[in-house]
Amino acid sequence: MSELKSGSNLEKVLKAGYFAFTGECGPPKGANVAILKEKFQYLKGNVDAVNVTDNQTAVVRMSSLAASRLMVEEGLEPNFQMVCRDRNRLAMMSDILGAHALGIRNMLCLSGDHQSFGNHPQAKNVHDIDSMQLIALVKKMRDQGKFLNDEVIDVAPKMFVGAACNPFADPYEFRVHRLANKITAGADFIQTQCIFNMDRFRDFMKKVVDMGLDKRCHILAGVTPMKNAGMANFMKKFVPGMDIPDDLINRLKGVDKKNQSEEGICFALEQIEEFKQMQGVAGVHLMAIEWEHKVPEIAQRAKVLPRPVV
Amino acid sequence: MIVADRKPIQEILAMIKADKKILILGCKGCVTVCNVGGVKESEILASTLKIARKQQGNDIDIDVRVLERQCDNEYVAQIKDIVNDYESVVSLACGVGPQFLSEMYRGKKFYPGVNTTFFGGAVQHGIWEERCAGCGTCSIHDFGGFCPIARCAKSLLHGPCGGSSKGICEVNPDTICVWDAIVTKKMEAGEIEDLMGVKGFKDWRTSRDGGPRRSIREELIQGNI
């Protein structure tokens, strides 16, 4: 890892050995640039890069590519998310080239939530290739300077390649192997699903470290502060692949309703403290869902500021 | 086999609303096996339509015939002497039937009486499940005997997505996560390595993406077999 792969800020921060801190920003359900720019202000300077979600939960929003470019223009570094649900290999390669041309240097390769959960459940899905192959595709374009068909690319796109990992979905025993496969396919960094079950995540990271995966890839632990007990209950019941222990729900319920968001933030801060010490964890990915304005406070209280300039 | 579902009776009534004399044409192939378009179902549909039309004060004459198959012109030709006796024909075969019929009898109207759904089989009496997507490049053996193209909602080739929970697919609580089944089988057999590495990018030309497909068997064309 002597040479930079994309030269993104996130890559530099991780390569220099800093504890990375990334954020997330969902584009609006409209072409509202003003609201997007307002969200940017909460993130700017408080995180190393910002994930720009790609029609998350299969709900139509401003394109992640366009929103990523708007972010570049505002002096933030995007982590451009791309899902396999909406694009075939032609559209993917085309958008990867376009992303590089627009100054985007990080990508997160995802399968994508199934369209039946979104606001156009009648839609046809694509799934021409899957997330594992998307990782391999971005790596090939970057390292070999070739398209999938082996034609040479005129100016190869340089991306720092990210992938997701959900240690809380089933079958649990396979999850670490799936992670290993993503790293072999070409993932430079991993962002995990939101972690709430710390016991399970500790066990998972032990497996990761035992297999030496943390030496081959930067692993960022996913943190989502709970706004209240209702949100925790909802996620437990309705969001597939989420593991929300009753302990956490009871902890939130145990305080006055008006103090539940503070309790949620306290839990997130405790998690971040533990992740800073946890072997194999290279940073935190903070997913403050529709709560971007809380990011400055959380970053401050998590003592991850100022962000390193590399 | 090809599995089909009944169409709502109101939909069929709307199709034939202008007709006074129709033929219901069943099929002894797959739709008989999946209890949607055989002799029994054809007769039940005829009775149901007659009663409904009688209630509307608009009686209809309905005859029933059931062909050996509707995906073979040899059998489709068997109604050539009677087809003109009817204003329209409701075919209870899969989607192939109304098309073979329309191609042979150009002036006639053929309505699909069923919704053709998938290639699958009966997992218990009265329940059929999809097993094959007809992608044209079978590699079931690479996945422990399961097809993730047909049976994973995202056609994933490298393991279960984050929505796999307790062996069930997040998209439908009645559907197993096929990747859970594949992984469990491979882990039990100590063959987890088979699932590692990046699989070759699928060539979808053999599937519908290559355009409508033809299957050519030269030896049969030449009459050698």
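Predicted model: local features only at pLDDT ≥ 70, side-chain atom pairs only at ≥ 80, totals over all residues.
Residues are numbered from 1 along each chain as its sequence is written, and chains are lettered from A in the order in which they are written.

Let us start with chain A, where 8 parallel strands (DSSP E runs of at least two residues) form a closed barrel in the order β1-β2-β3-β4-β5-β6-β7-β8. From one strand to the next, the twist averages 30°. Strands count as paired if DSSP finds at least two bridges between them; β5 (residues 160-165) and β6 (residues 189-194) of chain A have 4. In β6(A), A:Q191 stands opposite A:A164.

Now look at helix α5 of chain A, residues 131-143 (helices are DSSP H or I runs of at least four residues). α5 lies across β3, β4 and β5 of chain A, at about 155° to β4(A), with angles taken from 0 to 180 degrees between N-to-C directions of axes fitted to C-alpha atoms, for helices over the stretch in contact.

Turning to chain B, 24 residues of chain A are in contact with 26 residues of chain B, contact meaning C-beta atoms, placed from the backbone, within 7 Å. On the side of chain A that touches chain B, α6(A) gives the most, with 6 residues.

Finally, A:I135 is in contact with A:C109, A:V161 and A:A163, among others beyond its neighbours within four places in sequence.

Definitions and conventions: Contact = placed C-beta atoms within 7 Å.
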